[in-house]
Each structure stands twice: as structure tokens, then as C-alpha cells.
Amino acid sequence: MTENEALELASGARGEKALARFAEVDEPARRKASKQVLTLWKAAWRARFSSGSKPADMPKIKDHEALRIAMLATAVPSELKSYGFHCLPERLDIVEVMRALKPSWLDRYVADFVDDAPHITWRVAPLWREGLCARPEGDGLIVAYYSPMSGPRLAAEEPNFLTHDIWRFFEVEGGGEFSLAAVDKYTPVEHQWSTDLIGLSREGKLDRTRLLDASLDALERDFGQFRVGWYSRFHTALEPSIDEMTARTGRYLRLLSSPIPPTVSFALKALKTLDKAGALEGGMLLAEIEPALQARQKAAAKEALNLVASAAKREPEHARAAARLAATALINEAVDIQTRALDLIERLGCVEDELVSETLTAHLDAVAPSLRPRLAAMIGESAPETAPAPTPAPGAQREEPEEAAPVSPVSGLDEAVALFLEVLEGGRDPIAVERAIDGLARFGAAARAAPAKLSPIAKRARQLLERGSESATRLVLAATGVALVEGERIETILARHYPEESYRGVSQHSFAAVFLRRNDEVLAAVRDGRSAPLLSLPTDRSATIAPQALVERLQALRAAGTVLPEEDLSLALLRLAQTGRDEALSRLAPHTEAERAVAYALGAPVAPEKAASLWVAAWAARAPETPDKEVQRLAGGPVAGAGTPATLSLRVEREGSGP
């Protein structure tokens with residue numbers, strides 16, 4: 001076969017004729033025409049999918065099915081991979097095509113296809129069912145079941161589904177929109193995988209005992225928090241009996257060490273059920289429960305203390321061990337958890353126990369000030385002196401709540417995508433929203449390099465924009481998601497949906513507008529391929545930022561050679577915590593105007609310079625009750641809240657007649 005003949009078949013023949021002719025030629029001979037066929041394919045591809053193309057640009061092709069056959073006959077997997085399913089025959093049967101062409105690379109091609117396009121795996125599945133290639137045994141095939149488009153069809157047609165594949169559901173996490181958690185979240189209950197698996201179990205087609213154990217196996221793996229939640233919910237939906245739960249007591253106890261808070265909550269709930277049924281052995285519980293007692297989550301620590309108390313009450317011989325464990329719960333910052341721990345220790349009458357006394361003594365300086373006299377009396381010590389809290393000046397910011405829990409940034413791309421999808425659905429937790437934007441700042445560039453990861457964000461965000469939202473913040477979140485995917489500015493996205501509205505559906509003087517501008521800065525960095533932490537991410541649940549943390553973030557950006565984002569930094573300054581400023585200032589060596597504004601906010605004798613919004617934010621963070629003429633100058637005059645303290649006055653006028 002000559003190169004010209006191959007081109008003639010690709011452009012001027014019907015698909016059936018092209019297949020018959022290419023099948024007469026062996027693979028090495030067909031391969032010689034690959035360059036010419038690929039060039040024709042690319043020309044057709046550009047004419048079809050390039051935004052600036054015109055109908056005249058399309059090469060003359062009689063039957064595009066023939067061009068697809070020519071690609072499959074002459075190309076290799078690395079060349080086909082870039083075009084995904086577009087190279088697959090549409091009219092001709094794929095089994096007959098591959099049976100005729102007999103490509104040597106079919107195993108590799110099918111395995112790659114399943115990994116790259118799980119949602120249309122059903123299109124190549126007949127190839128291994130007919131024995132033309134090896135059945136893919138990687139994770140890609142299992143992820144294909146998680147696709148709402150492909151999964152049910154695969155399950156109905158795949159012979160190995162019930163005997164093999166279904167059990168790998170508990171081993172393969174998936175990611176993005178292709179996971180059990182993601183697909184069931186947007187699927188009616190009657191069609192969810194959870195419902196289907198429970199139904200198969202009731203029909204006797206799946207081993208119930210194995211399902212119970214497999215779901216706990218999954219909870220012990222390193223799956224992300226969003227995806228691992230499906231397995232705990234599934235285990236609960238199986239409604240295990242007390243006997244079934246008792247047989248798995250040790251497994252529930254091991255889950256108390258999980259780094260995933262909802263998994264710990266699930267395990268505690270199961271143990272509580274066993275405890276109420278009198279089926280929880282005290283010694284076994286006390287040997288494993290310490291991680292839950294020391295959990296930062298208040299609800300988990302509270303439930304763990306209740307279980308310890310119940311074990312000691314039911315089995316008094318464990319009273320000392322229970323008191324020792326209760327003492328370790330004083331590490332929790334919540335005052336009521338510390339109070340409960342002390343109540344339990346006193347109730348058990350084990351204060352004199354050496355280990356209990358040592359642990360209590362170690363926590364004397366760490367417990368809440370209101371509890372120190374009580375704890376000191378328990379151990380026969382003098383309470384440490386506590387300086388009275390200073391009375392804040394009028395208008396001064398309040399210090400952080402004593403119980404504020406730390407805020408942790410997302411740890412990876414999959415978690416960043418999952419969290420952004422989560423806040424798109426509600427966005428009621430402002431800390432979660434800020435963590436989601438920080439996730440984009442850290443992993444957005446990586447996400448843009450892997451478009452499949454962004455597919456669920458694009459789909460849901462576009463739906464929200466089309467539907468509209470009463471919440472301006474949620475509107476900006478949706479526009480942020482679309483702008484991330486399309487590489488556009490947020491205002492450009494909003495302009496398409498709200499062309500006639502002032503400021504594109506967001507009030508110019510609202511917090512949502514500040515949120516919008518800050519997010520636009522984040523996306524500009526993402527488009528440039530830069531990754532950096534969000535300066536304005538709160539460091540704890542009080543929504544404030546520890547000064548030392550802000551200084552460290554500034555130093556990291558400077559080391560990376562990144563220009564400080566002004567909107568992000570202004571918002572960070574407005575969230576600056578009151579405590580720890582002197583120490584943070586001692587570690588800051590300002591080089592730029594932005595860094596000098598931070599130094600000013602921390603209390604340094606620095607004169608305001610040019611960037612008005614930045615210095616106004618720095619003034620508000622520093623001393624909003626003290627006028628600053630230089631900040632007023634930058635603001636264009638005496639504007640309340642911009643170098644001029646805001647004041648409130650009340651004027652009462654009386655109208656009427658008589659004395």
C-alpha cells in the first residue's frame with residue numbers, strides 16, 4: 001500500500017471499503033503511511049474544533065468513518081491517545097474493525113483508553129469480552145463503574161462484576177467526579193450504588209459479611225475525607241445487628257486513630273450503640289480510646305469521655321485506667337471538655353493515683369484560667385497567677401476566642417477539588433469557603449494541567465450560573481469555578497450571564513465584591529502557573545490570622561520571587577489577630593511597600609506610602625480608634641474607617657405641642 005493510496009482511502013472511500021483494504025495489508029506496511037494520515041486527521045481536527053476555522057478550511061473527506069479507520073490502521077497508541085474516543089468507529093462495529101486490522105498494540109491502547117475515559121469505557125469493553133485484547137486489571141476499569149454514564153451499563157454487561165470487580169470498589173478510591181461518593185451525591189437514592197449493593201446483598205448475590213468487612217477495610221485506607229465518607233455511610237446503611245457489630249468491635253476501636261474526623265465520629269457512634277446494648281468490654285475500650293479523647297473535635301472528645309465513664313461505671317475494676325485516660329482529655333482546648341474530664345476524675349475518686357496526679361499537674365498551666373483553681377485544689381498545688389485581662393480600648397478588636405480550633409489548608413489536588421465542589425453546594429461555612437480558595441491558590445495550576453480533574457467543577461459551576469443564586473458569595477464562587485476552567489477573569493464570566501446588571505450581579509460596595517477581586521488575583525497567578533498559599537486564609541476558627549503565620553507567608557512569597565497580591569494582603573490585614581504582634585514584627589524585615597504596610601499594621605513606626613487600599617487596611621488592623629492624617633490623605637479626605645475613626649451619634653428630635 002502506497003502513501004497516496006492510504007490517503008485516498010482516508011479521504012475518498014467509504015468506511016467499509018477502507019477497512020477491507022487496510023485489512024489486506026500487514027501492520028508494518030500500513031505504518032509507513034502514518035505521517036500522511038495523521039497530517040490529514042490534524043487538518044480535519046483543526047477545522048472542526050478551532051474557534052477561528054471556517055467551513056472552507058475543512059479538507060474534503062467523503063466519509064469520516066474511513067478517516068477513523070485509517071487512523072486506527074496506521075497510528076500507534078501514543079498518537080491515538082491525544083484524540084481519545086474521536087478515533088473510535090461510530091458506524092462500524094469496533095469488534096469487527098479490530099478483528100480485521102489485528103493491531104499488535106491493542107492491549108496497551110485499551111488499557112490507556114479505560115484510564116483516560118472511564119465515562120465511555122463501554123465503547124471498548126466488547127473487545128476484551130470477545131477475546132481480542134486483555135481485560136484491563138488496573139484501577140481505571142473500577143473507576144469506570146463510578147461514572148453515571150458508563151457504570152450501570154458496565155455492571156449489567158461485565159461477567160466479572162459480581163465475582164471480582166465489585167469487591168475492588170472497596171480498594172479503589174477514584175477521584176474528581178469519578179468516585180462512589182461523587183456519583184451517589186448527585187444520583188437519586190433508588191439508583192445509587194449504595195442502594196444497588198444493599199439490594200444485591202438481600203438477593204443473596206453479594207456476601208453481606210464480606211460487604212460489612214470490606215466497608216471497614218476502606219475506612220482504614222488513606223482515602224480522602226470526601227470519598228471515604230461513602231464507605232461509613234454504606235456500612236451504616238447495611239444496618240448491622242448487635243451481633244455483627246460485636247464481632248467487629250476491634251475494628252471500630254482501631255478507627256478511633258483515623259486522621260479523618262468523620263471516620264472517628266462513625267466509630268464512636270458504633271461503639272456507643274454497642275455500649276448501650278451492654279456489648280462493649282471495658283478493658284478493650286480503654287486500651288484503644290485515647291486518640292479520640294485527645295481529638296481536637298469537641299464532639300468526638302465528649303463522646304469518648306462518655307464511653308470511658310460508662311465503662312468505669314459498668315466495670316469498676318477499670319476506674320483507675322479510666323481516670324488516667326480522662327486526664328489526657330485536658331489537652332482539648334474546649335472548656336466544657338476540660339470540665340467534663342475533671343468531673344469524671346473526681347467522680348471516680350482516683351485523684352491520688354500517681355499517674356493521674358502527674359497528668360493533672362502537667363496540664364495545670366494549659367487548662368482554661370477559670371479551671372485552674374479547681375485543678376490546683378485537686379492536686380494540692382497553688383493555682384498559677386493569671387494576669388487580669390486588659391480592658392480593650394473603644395473600637396479595638398477583640399482577642400481570639402480561647403477555644404478557637406486551628407484551620408488546616410487542604411493537602412492535595414483531589415481534596416482541593418472536592419472541597420470547592422462542597423462549598424459550591426452551600427458555602428454557608430465561611431472558613432470552608434476560604435479553605436477552598438486557598439486550595440485553588442495552592443493546586444489550581446496543577447488542576448489546569450489535568451482538565452479531567454476540573455470537569456465536575458465546570459459542570460456544577462455553570463449550572464449554578466445559569467440558574468442564578470440569591471447569595472452573591474455563592475454567585476462569585478460559581479463564577480470563580482468557571483473562570484478557573486476557562487482561563488478567564490471572573491468579571492468576564494459574570495458579564496455573560498448578567499450583562500445588564502450593575503457590577504455583574506454583585507454590589508460594588510459589598511464583601512462579595514472584595515471576595516471577587518481577591519479571587520481574581522488567585523486565578524491570575526494560577527493562569528501563570530504559580531502556586532502559593534492564600535495570605536488571607538484564617539489560621540483558626542475565630543477567622544483571624546496569627547501575625548507570625550502572616551509573616552511566614554510573606555517570607556515564602558518573597559523567596560519565590562512573587563509580587564504580593566494587594567487584595568489578598570488587604571483582606572489578610574483586616575483579619576490580623578491582636579496577640580503575637582510584637583514577636584511577628586521582630587521577625588519581619590520589610591523590603592517592599594506591601595511588607596512595610598504589614599509592619600505598620602503590626603505597630604512599627606512606618607509612614608504610609610502610595611497604595612491607598614493597602615494602607616487603609618493596615619490602619620484598620622493597627623489602631624482603628626486613632627486618626628492617621630497620612631492615611632486620610634491617601635483616602636482623599638476624612639472618610640470614616642479610612643484613617644478616620646468611625647463614630648456613632650444619636651440625635652433625638654421631639655415634635656408636638658403642649659408643655
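This is a predicted model: local features need pLDDT of at least 70, side-chain atom pairs count only at pLDDT 80 or more; totals for chains, interfaces and linings use all residues.

Me: Why are helices α22 and α24 called roughly parallel?

Reply: Helix α22 (residues 298-314) and helix α24 (residues 335-348) pack at an angle of about 10°. Angles under 35 degrees count as roughly parallel, and α22 and α24 are therefore described in this way. Their axes lie 10 Å apart.

Me: Which residues make the contact between α22 and α24?

Reply: On the α22 side they include Lys298, Ala301, Leu305 and Ala312. On the α24 side they include Asp336, Ile337, Arg340 and Leu348. By class, this contact has 9 nonpolar, 1 polar and 5 charged residues.

Me: What makes a group of residues a nonpolar core, and how many residues has the largest one?

Reply: The members must be buried nonpolar residues joined through side-chain atoms within 4.5 Å. The largest such core has 134 residues. Those with the most contacts inside this core are Tyr145, Phe169, Phe170, Trp193, Ile289 and Leu360. Helix α22 supplies the largest share, 9 residues. A second, separate core of 42 residues includes Ala447, Ile457, Ile490 and Ile493.

Me: What does Tyr145 touch?

Reply: Leaving aside residues up to four places away in sequence, Tyr145 touches several residues, among them Arg135, Leu154, Phe161, Phe169 and Trp193.

Me: How do you know that Tyr145 and Phe161 form an aromatic pair, and why is the pair called tilted?

Reply: The structure holds 20 aromatic pairs, and Tyr145 with Phe161 is one of them, at 5.3 Å centre to centre. Tyr145 belongs to helix α10 (residues 139-145) and Phe161 to helix α12 (residues 161-168), 16 residues apart. Both Tyr145 and Phe161 are buried.

Me: What makes Tyr145 and Phe169 a tilted pair?

Reply: Their ring centres are 5.6 Å apart and their planes stand at 55°, so this pair is tilted. Tyr145 and Phe169 are 24 residues apart, and both are buried.

Me: Which residues do ring pairs link into a cluster?

Reply: The cluster consists of Trp167, Phe170, Phe223, Trp230, Tyr231 and Phe234.

How values were computed
Residues are numbered from 1 along each chain as its sequence is written. Side-chain values use heavy atoms; hydrogens and water are left out. Axes are lines fitted to C-alpha atoms, for helices over the stretch in contact, and angles run from 0 to 180 degrees between N-to-C directions. Helices (H or I, at least four residues) and strands (E, at least two) are DSSP runs, numbered from the N terminus. Angles under 35 degrees count as roughly parallel, over 145 as roughly antiparallel, 65 to 115 as roughly perpendicular and the rest as oblique. Contact means heavy atoms within 4.5 Å. Ala, Val, Leu, Ile, Met, Phe, Trp, Tyr, Cys and Pro count as nonpolar, Asp, Glu, Lys and Arg as charged, and the others, Gly among them, as polar. Buried means under 20% relative accessible area, exposed over 50%, partly exposed in between (1.4 Å probe, protein chains only). Rings of Phe, Tyr and Trp (its six-membered ring) pair if their centres lie within 6.5 Å; planes under 30 degrees apart count as stacked, over 60 as edge-to-face and the rest as tilted.
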